[in-house]
Amino acid sequence: MPIPAPIVTVAFAGALLTPLAVDADLLSLLAATGLVLAVLGKHTARTSQEIADEDLAASHQDERLRTFGQLAAGIAHEINTPAQFAGDNLRFLADAFADLQGFLDEARAVQAELERSDAGHGPAERLRRAAEAADLDYLVEEIPRSIAQAREGLERIARIVLAVKELSHPTGREKQPADINRLIESTVTVCRNEWKYVARLELDLDPGLPQPSCHAEEISQVVLNLVVNAAHAIEERFGAERGPQGLIRVSTSHPAQDVVEIRVADNGCGIPDEIRDQIWERFFTTKPKGRGTGQGLAIARSIVVERHGGELTFDSRPGEGTEFIVRLPVKADTQE
Ligand SMILES: Nc1ncnc2c1ncn2[C@@H]1O[C@H](COP(=O)(O)OP(=O)(O)OP(=O)(O)O)[C@@H](O)[C@H]1O
Ligand SMILES: [Mg+2]
(Lines give C-alpha, C1' and ligand atoms only; values in the text may rest on other atoms or scores of the structure.)
(Ligands and ions follow the chains in the order given, each with its own letter.)
Protein backbone atom coordinates (compact mmCIF):
# COMPACT_ATOMS: atom_id res chain seq x y z
CA MET A 1 0.00 0.00 0.00
CA PRO A 2 1.57 3.31 -1.02
CA ILE A 3 2.08 5.81 1.76
CA PRO A 4 -0.27 8.68 0.97
CA ALA A 5 1.76 11.74 0.05
CA PRO A 6 0.71 15.15 1.32
CA ILE A 7 -1.34 17.14 -1.15
CA VAL A 8 0.15 20.54 -1.65
CA THR A 9 -0.43 23.51 -3.82
CA VAL A 10 2.80 24.12 -5.63
CA ALA A 11 3.70 27.29 -7.35
CA PHE A 12 6.42 27.61 -9.92
CA ALA A 13 7.47 31.11 -10.84
CA GLY A 14 4.09 32.64 -10.59
CA ALA A 15 1.99 29.78 -11.93
CA LEU A 16 -0.35 28.11 -9.48
CA LEU A 17 -0.41 24.46 -10.34
CA THR A 18 -2.96 21.78 -9.69
CA PRO A 19 -2.89 20.49 -6.15
CA LEU A 20 -0.74 17.39 -6.27
CA ALA A 21 0.81 14.74 -4.11
CA VAL A 22 4.57 15.01 -3.99
CA ASP A 23 7.43 12.83 -2.80
CA ALA A 24 8.45 13.55 0.78
CA ASP A 25 12.02 14.39 -0.33
CA LEU A 26 10.79 16.58 -3.16
CA LEU A 27 8.38 18.26 -0.78
CA SER A 28 11.14 19.20 1.62
CA LEU A 29 13.27 20.46 -1.24
CA LEU A 30 10.40 22.54 -2.56
CA ALA A 31 9.65 23.81 0.93
CA ALA A 32 13.26 24.79 1.37
CA THR A 33 13.21 26.66 -1.90
CA GLY A 34 9.98 28.44 -1.06
CA LEU A 35 8.16 26.79 -3.94
CA VAL A 36 5.52 25.21 -1.77
CA LEU A 37 3.05 27.82 -0.72
CA ALA A 38 1.08 25.76 1.69
CA VAL A 39 0.52 22.19 2.67
CA LEU A 40 -3.21 22.14 2.51
CA GLY A 41 -3.76 18.56 3.60
CA LYS A 42 -6.91 17.14 2.12
CA HIS A 43 -8.53 19.50 -0.30
CA THR A 44 -12.22 19.99 -0.01
CA ALA A 45 -14.63 21.09 -2.68
CA ARG A 46 -15.02 24.85 -2.78
CA THR A 47 -17.80 27.14 -3.91
CA SER A 48 -17.34 29.35 -6.98
CA GLN A 49 -17.11 32.40 -4.70
CA GLU A 50 -14.36 30.82 -2.64
CA ILE A 51 -12.50 29.89 -5.80
CA ALA A 52 -12.86 33.43 -7.19
CA ASP A 53 -11.47 34.81 -3.90
CA GLU A 54 -8.56 32.39 -4.11
CA ASP A 55 -7.88 33.41 -7.72
CA LEU A 56 -7.64 37.03 -6.59
CA ALA A 57 -5.32 36.14 -3.73
CA ALA A 58 -3.24 34.09 -6.17
CA SER A 59 -2.84 37.04 -8.50
CA HIS A 60 -1.64 39.17 -5.56
CA GLN A 61 0.95 36.53 -4.85
CA ASP A 62 2.10 36.52 -8.43
CA GLU A 63 4.94 38.96 -7.89
CA ARG A 64 6.10 37.20 -4.73
CA LEU A 65 6.14 33.88 -6.54
CA ARG A 66 8.27 35.26 -9.30
CA THR A 67 10.86 36.02 -6.62
CA PHE A 68 10.40 32.55 -5.09
CA GLY A 69 10.97 31.08 -8.52
CA GLN A 70 14.24 32.91 -8.89
CA LEU A 71 15.25 31.92 -5.38
CA ALA A 72 14.40 28.29 -6.11
CA ALA A 73 16.46 28.32 -9.29
CA GLY A 74 19.39 29.73 -7.30
CA ILE A 75 19.11 27.15 -4.54
CA ALA A 76 18.74 24.32 -7.06
CA HIS A 77 21.95 25.55 -8.63
CA GLU A 78 23.68 25.59 -5.23
CA ILE A 79 22.58 22.03 -4.45
CA ASN A 80 24.13 20.89 -7.70
CA THR A 81 27.70 21.66 -6.69
CA PRO A 82 27.91 19.55 -3.49
CA ALA A 83 25.86 16.83 -5.22
CA GLN A 84 28.44 16.79 -7.97
CA PHE A 85 31.45 16.45 -5.67
CA ALA A 86 29.68 13.83 -3.57
CA GLY A 87 29.13 11.99 -6.87
CA ASP A 88 32.78 12.33 -7.89
CA ASN A 89 33.88 10.93 -4.52
CA LEU A 90 31.51 7.99 -4.79
CA ARG A 91 32.87 7.21 -8.24
CA PHE A 92 36.38 7.26 -6.74
CA LEU A 93 35.27 4.97 -3.87
CA ALA A 94 33.73 2.49 -6.32
CA ASP A 95 36.97 2.31 -8.37
CA ALA A 96 39.16 2.23 -5.25
CA PHE A 97 37.16 -0.62 -3.75
CA ALA A 98 37.43 -2.61 -6.98
CA ASP A 99 41.24 -2.26 -6.68
CA LEU A 100 41.18 -3.16 -2.99
CA GLN A 101 39.15 -6.23 -3.81
CA GLY A 102 41.99 -7.40 -6.08
CA PHE A 103 44.38 -7.01 -3.16
CA LEU A 104 42.02 -8.89 -0.79
CA ASP A 105 41.74 -11.80 -3.22
CA GLU A 106 45.53 -11.98 -3.33
CA ALA A 107 45.77 -11.76 0.50
CA ARG A 108 43.33 -14.66 0.79
CA ALA A 109 45.41 -16.76 -1.58
CA VAL A 110 48.54 -16.03 0.50
CA GLN A 111 46.63 -16.88 3.67
CA ALA A 112 45.65 -20.26 2.21
CA GLU A 113 49.28 -20.95 1.31
CA LEU A 114 50.47 -19.97 4.80
CA GLU A 115 47.93 -22.25 6.39
CA ARG A 116 49.49 -25.17 4.57
CA SER A 117 53.03 -24.55 5.97
CA ASP A 118 53.95 -25.16 9.64
CA ALA A 119 55.71 -21.84 10.08
CA GLY A 120 52.89 -19.89 8.47
CA HIS A 121 50.05 -21.43 10.40
CA GLY A 122 50.16 -18.84 13.23
CA PRO A 123 50.15 -15.74 10.99
CA ALA A 124 47.46 -17.31 8.78
CA GLU A 125 45.28 -17.82 11.85
CA ARG A 126 45.80 -14.17 12.84
CA LEU A 127 44.69 -13.07 9.40
CA ARG A 128 41.66 -15.34 9.50
CA ARG A 129 40.58 -13.96 12.89
CA ALA A 130 41.12 -10.36 11.79
CA ALA A 131 39.00 -11.03 8.69
CA GLU A 132 36.27 -12.55 10.83
CA ALA A 133 36.34 -9.67 13.32
CA ALA A 134 35.95 -7.20 10.46
CA ASP A 135 33.19 -9.33 8.93
CA LEU A 136 35.15 -9.19 5.70
CA ASP A 137 32.83 -11.37 3.59
CA TYR A 138 29.90 -9.17 4.47
CA LEU A 139 31.84 -5.98 3.74
CA VAL A 140 33.07 -7.24 0.39
CA GLU A 141 29.51 -7.96 -0.64
CA GLU A 142 27.82 -4.90 0.85
CA ILE A 143 30.25 -2.05 0.14
CA PRO A 144 29.77 -2.03 -3.65
CA ARG A 145 26.01 -2.32 -3.18
CA SER A 146 25.87 0.58 -0.76
CA ILE A 147 28.03 2.74 -3.04
CA ALA A 148 25.71 1.93 -5.92
CA GLN A 149 22.66 2.90 -3.84
CA ALA A 150 24.26 6.16 -2.76
CA ARG A 151 25.00 6.95 -6.41
CA GLU A 152 21.41 6.18 -7.33
CA GLY A 153 20.21 8.56 -4.62
CA LEU A 154 22.48 11.31 -5.92
CA GLU A 155 21.28 10.78 -9.47
CA ARG A 156 17.75 11.20 -8.19
CA ILE A 157 18.71 14.45 -6.43
CA ALA A 158 20.30 15.65 -9.67
CA ARG A 159 17.10 14.89 -11.61
CA ILE A 160 14.92 16.73 -9.06
CA VAL A 161 17.27 19.71 -9.01
CA LEU A 162 17.20 19.85 -12.79
CA ALA A 163 13.41 19.68 -12.81
CA VAL A 164 13.10 22.48 -10.25
CA LYS A 165 15.59 24.58 -12.20
CA GLU A 166 13.74 24.08 -15.44
CA LEU A 167 10.33 24.83 -13.99
CA SER A 168 11.34 27.75 -11.84
CA HIS A 169 13.15 29.53 -14.58
CA PRO A 170 12.21 33.19 -14.27
CA THR A 171 9.37 33.82 -16.66
CA GLY A 172 9.19 36.93 -18.73
CA ARG A 173 6.07 38.43 -20.20
CA GLU A 174 7.28 37.56 -23.68
CA LYS A 175 6.91 34.16 -25.25
CA GLN A 176 10.22 32.40 -25.78
CA PRO A 177 11.21 29.40 -27.91
CA ALA A 178 11.08 26.41 -25.55
CA ASP A 179 12.53 22.93 -25.58
CA ILE A 180 9.23 21.08 -25.12
CA ASN A 181 10.90 17.68 -24.71
CA ARG A 182 12.94 18.84 -21.71
CA LEU A 183 9.94 20.63 -20.29
CA ILE A 184 7.99 17.35 -20.44
CA GLU A 185 10.83 15.42 -18.78
CA SER A 186 10.96 17.94 -15.93
CA THR A 187 7.20 18.03 -15.49
CA VAL A 188 6.78 14.26 -15.27
CA THR A 189 9.68 14.10 -12.80
CA VAL A 190 8.12 16.68 -10.53
CA CYS A 191 4.71 14.94 -10.49
CA ARG A 192 6.11 11.40 -10.38
CA ASN A 193 4.35 10.71 -7.10
CA GLU A 194 1.02 11.29 -8.82
CA TRP A 195 1.43 8.44 -11.30
CA LYS A 196 4.07 6.02 -10.03
CA TYR A 197 1.70 3.92 -7.92
CA VAL A 198 -0.79 3.38 -10.73
CA ALA A 199 1.14 3.48 -13.97
CA ARG A 200 4.34 3.18 -15.92
CA LEU A 201 5.11 6.31 -17.82
CA GLU A 202 6.70 6.10 -21.24
CA LEU A 203 8.19 9.02 -23.10
CA ASP A 204 8.48 9.06 -26.86
CA LEU A 205 9.99 12.41 -27.68
CA ASP A 206 10.74 13.60 -31.18
CA PRO A 207 14.44 14.58 -31.20
CA GLY A 208 13.93 16.96 -34.13
CA LEU A 209 11.08 18.85 -32.49
CA PRO A 210 10.98 22.55 -33.41
CA GLN A 211 10.91 24.94 -30.45
CA PRO A 212 7.55 26.71 -30.32
CA SER A 213 7.42 30.23 -29.00
CA CYS A 214 5.48 29.91 -25.76
CA HIS A 215 5.15 30.57 -22.04
CA ALA A 216 7.00 27.43 -20.96
CA GLU A 217 5.65 27.30 -17.40
CA GLU A 218 2.09 27.41 -18.72
CA ILE A 219 2.69 24.57 -21.17
CA SER A 220 4.23 22.65 -18.29
CA GLN A 221 1.03 23.21 -16.34
CA VAL A 222 -1.01 21.82 -19.25
CA VAL A 223 1.15 18.68 -19.39
CA LEU A 224 0.91 18.32 -15.61
CA ASN A 225 -2.90 18.57 -15.66
CA LEU A 226 -3.15 16.01 -18.47
CA VAL A 227 -0.77 13.56 -16.78
CA VAL A 228 -2.57 13.86 -13.43
CA ASN A 229 -5.91 13.29 -15.19
CA ALA A 230 -4.44 10.23 -16.93
CA ALA A 231 -3.24 8.81 -13.59
CA HIS A 232 -6.67 9.39 -12.02
CA ALA A 233 -8.41 7.70 -14.98
CA ILE A 234 -6.10 4.68 -14.63
CA GLU A 235 -6.77 4.48 -10.91
CA GLU A 236 -10.50 4.71 -11.64
CA ARG A 237 -10.21 1.72 -13.99
CA PHE A 238 -7.78 -0.54 -12.12
CA GLY A 239 -7.80 0.78 -8.55
CA ALA A 240 -4.60 1.70 -6.72
CA GLU A 241 -4.18 -1.45 -4.66
CA ARG A 242 -2.73 -3.92 -7.13
CA GLY A 243 0.36 -2.07 -8.27
CA PRO A 244 0.91 -0.16 -11.46
CA GLN A 245 -1.11 -1.74 -14.26
CA GLY A 246 -1.63 1.46 -16.13
CA LEU A 247 0.37 2.99 -18.92
CA ILE A 248 0.74 6.68 -19.58
CA ARG A 249 2.49 7.58 -22.79
CA VAL A 250 3.64 11.12 -23.40
CA SER A 251 4.89 11.75 -26.92
CA THR A 252 5.89 14.67 -29.07
CA SER A 253 6.00 15.08 -32.82
CA HIS A 254 5.84 17.74 -35.48
CA PRO A 255 3.26 16.91 -38.12
CA ALA A 256 4.52 20.01 -39.97
CA GLN A 257 7.52 22.34 -39.50
CA ASP A 258 5.28 25.01 -37.97
CA VAL A 259 3.28 22.77 -35.62
CA VAL A 260 4.32 20.90 -32.49
CA GLU A 261 2.14 18.15 -31.09
CA ILE A 262 2.13 16.78 -27.53
CA ARG A 263 0.07 13.67 -26.86
CA VAL A 264 -0.80 12.29 -23.44
CA ALA A 265 -2.35 8.83 -23.75
CA ASP A 266 -3.62 6.54 -20.99
CA ASN A 267 -5.29 3.16 -20.70
CA GLY A 268 -7.66 4.42 -18.03
CA CYS A 269 -11.43 4.44 -17.69
CA GLY A 270 -12.10 6.56 -20.78
CA ILE A 271 -14.58 9.41 -21.18
CA PRO A 272 -18.24 8.43 -21.60
CA ASP A 273 -19.92 9.96 -24.68
CA GLU A 274 -22.54 11.73 -22.51
CA ILE A 275 -19.92 13.99 -20.93
CA ARG A 276 -17.68 14.59 -23.98
CA ASP A 277 -18.63 18.26 -24.22
CA GLN A 278 -18.90 18.95 -20.51
CA ILE A 279 -15.34 18.04 -19.53
CA TRP A 280 -14.09 21.43 -20.74
CA GLU A 281 -16.46 23.34 -18.46
CA ARG A 282 -14.92 25.00 -15.44
CA PHE A 283 -15.89 23.13 -12.24
CA PHE A 284 -17.19 20.08 -14.12
CA THR A 285 -15.79 17.02 -12.40
CA THR A 286 -16.74 13.37 -12.00
CA LYS A 287 -14.25 12.93 -9.17
CA PRO A 288 -15.18 12.58 -5.51
CA LYS A 289 -14.99 15.57 -3.19
CA GLY A 290 -11.41 16.51 -2.48
CA ARG A 291 -10.00 14.73 -5.52
CA GLY A 292 -10.79 17.17 -8.30
CA THR A 293 -12.14 20.68 -8.63
CA GLY A 294 -13.01 20.42 -12.31
CA GLN A 295 -10.60 23.13 -13.38
CA GLY A 296 -7.68 21.28 -14.95
CA LEU A 297 -9.01 21.02 -18.49
CA ALA A 298 -10.62 24.47 -18.49
CA ILE A 299 -7.25 25.98 -17.52
CA ALA A 300 -5.38 23.80 -20.00
CA ARG A 301 -7.71 24.75 -22.84
CA SER A 302 -7.48 28.44 -22.10
CA ILE A 303 -3.67 28.23 -22.00
CA VAL A 304 -3.44 26.30 -25.26
CA VAL A 305 -6.19 27.99 -27.27
CA GLU A 306 -6.38 31.55 -25.98
CA ARG A 307 -2.83 32.17 -24.82
CA HIS A 308 -1.02 30.25 -27.54
CA GLY A 309 -3.40 30.04 -30.52
CA GLY A 310 -3.21 26.23 -30.43
CA GLU A 311 -5.71 23.38 -30.21
CA LEU A 312 -6.55 20.93 -27.45
CA THR A 313 -8.58 17.87 -28.45
CA PHE A 314 -9.02 14.29 -27.34
CA ASP A 315 -9.94 10.82 -28.50
CA SER A 316 -11.44 8.43 -26.03
CA ARG A 317 -12.72 4.88 -25.95
CA PRO A 318 -14.84 4.42 -22.83
CA GLY A 319 -13.47 1.59 -20.73
CA GLU A 320 -10.18 1.46 -22.67
CA GLY A 321 -8.38 4.77 -22.58
CA THR A 322 -8.02 8.34 -23.69
CA GLU A 323 -5.54 10.44 -25.60
CA PHE A 324 -5.33 14.21 -25.26
CA ILE A 325 -3.63 16.08 -28.09
CA VAL A 326 -2.09 19.54 -27.70
CA ARG A 327 -1.17 21.33 -30.94
CA LEU A 328 0.96 24.45 -30.70
CA PRO A 329 1.94 26.77 -33.50
CA VAL A 330 5.71 27.18 -33.63
CA LYS A 331 5.42 30.91 -34.28
CA ALA A 332 3.45 32.86 -31.70
CA ASP A 333 0.36 34.23 -33.42
CA THR A 334 -1.35 35.78 -30.41
CA GLN A 335 -0.53 39.00 -28.62
CA GLU A 336 0.09 37.64 -25.12
N1 LIG B 1 -7.64 11.15 -19.18
C2 LIG B 1 -8.91 11.13 -18.78
N3 LIG B 1 -9.60 9.95 -18.75
C4 LIG B 1 -10.89 9.92 -18.32
N5 LIG B 1 -11.58 11.00 -17.93
C6 LIG B 1 -10.97 12.18 -17.94
C7 LIG B 1 -9.60 12.32 -18.36
N8 LIG B 1 -9.26 13.62 -18.29
C9 LIG B 1 -10.36 14.28 -17.83
N10 LIG B 1 -11.39 13.42 -17.62
C11 LIG B 1 -12.75 13.76 -17.15
O12 LIG B 1 -12.92 15.14 -17.29
C13 LIG B 1 -13.30 15.72 -16.04
C14 LIG B 1 -12.77 17.13 -15.96
O15 LIG B 1 -11.34 17.12 -15.91
P16 LIG B 1 -10.56 18.34 -15.26
O17 LIG B 1 -9.13 18.06 -15.35
O18 LIG B 1 -11.07 19.59 -15.85
O19 LIG B 1 -11.06 18.33 -13.77
P20 LIG B 1 -10.71 17.29 -12.61
O21 LIG B 1 -9.55 16.46 -13.00
O22 LIG B 1 -11.97 16.59 -12.26
O23 LIG B 1 -10.30 18.26 -11.43
P24 LIG B 1 -8.93 19.14 -11.32
O25 LIG B 1 -8.21 18.99 -12.62
O26 LIG B 1 -9.39 20.53 -11.08
O27 LIG B 1 -8.20 18.55 -10.18
C28 LIG B 1 -12.73 14.76 -15.02
O29 LIG B 1 -13.43 14.85 -13.77
C30 LIG B 1 -12.93 13.42 -15.69
O31 LIG B 1 -14.27 12.99 -15.56
MG1 LIG C 1 -7.77 17.35 -13.74
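Modeller: Let's start with a charge: Arg301 lies over the face of Trp280, 4.1 Å from the ring centre. To count, NZ of Lys or CZ of Arg has to be within 6 Å of the ring centre and within 35 degrees of the ring normal. Before going on, some bookkeeping: this is a predicted model, where local features need pLDDT of at least 70 and side-chain atom pairs count only at pLDDT 80 or more, while totals for chains, interfaces and linings use all residues. Residues are numbered from 1 along each chain as its sequence is written, chains are lettered from A and ligands numbered from 1 in the order in which they are written, and side-chain values use heavy atoms, with hydrogens and water left out.

Now the rings. There are 3 aromatic pairs in the structure. With centres 5.9 Å apart and planes at 50 degrees, Trp280 and Phe314 make a tilted pair. (Rings of Phe, Tyr and Trp, the last by its six-membered ring, pair if their centres lie within 6.5 Å; planes under 30 degrees apart are stacked, over 60 edge-to-face, and the rest tilted.) The pair links distant parts of the chain, 34 residues apart: Trp280 sits in the loop between strand E9 (259–266) and helix H8 (296–307), and Phe314 in strand E10 (residues 311–317). Helices (H or I, at least four residues) and strands (E, at least two) are DSSP runs, numbered from the N terminus.

Trp280 counts as buried because its relative accessibility is 14%, and Phe314 is buried too, at 8%. Buried means under 20% relative accessible area, exposed over 50%, and partly exposed in between, using a 1.4 Å probe and protein chains only.

Trp280 also pairs with Phe324: the centres are 6.1 Å apart and the planes at 80 degrees, so this pair is edge-to-face. Phe324 is in strand E11 (residues 321–329) and Trp280 in the loop between E9 and H8, so parts 44 residues apart in sequence get tied together. Both Trp280 and Phe324 are buried. Put together, Trp280, Phe314 and Phe324 form one aromatic cluster.

The loop between E9 and H8 also holds Phe283. Its phi is near 75 degrees, a positive value in a residue other than glycine. At a relative accessible area of 33%, Phe283 is partly exposed.

On to H8 itself. The axes of H8 and helix H7 (residues 216–238) come within 9 Å and cross at roughly 145 degrees. Those axes are lines fitted to C-alpha atoms, for helices over the stretch in contact, with angles from 0 to 180 degrees between N-to-C directions. The crossing of H7 and H8 is left-handed, meaning the near helix is turned anticlockwise from the far one by less than a right angle; clockwise would be right-handed. On the H7 side the contact includes Ile219, Val222 and Leu226, and on the H8 side Leu297, Ile299 and Ile303 are among the partners. Contact here is heavy atoms within 4.5 Å. By class, the H7–H8 contact has 8 nonpolar, 4 polar and 2 charged residues. Ala, Val, Leu, Ile, Met, Phe, Trp, Tyr, Cys and Pro count as nonpolar, Asp, Glu, Lys and Arg as charged, and the others, Gly among them, as polar.
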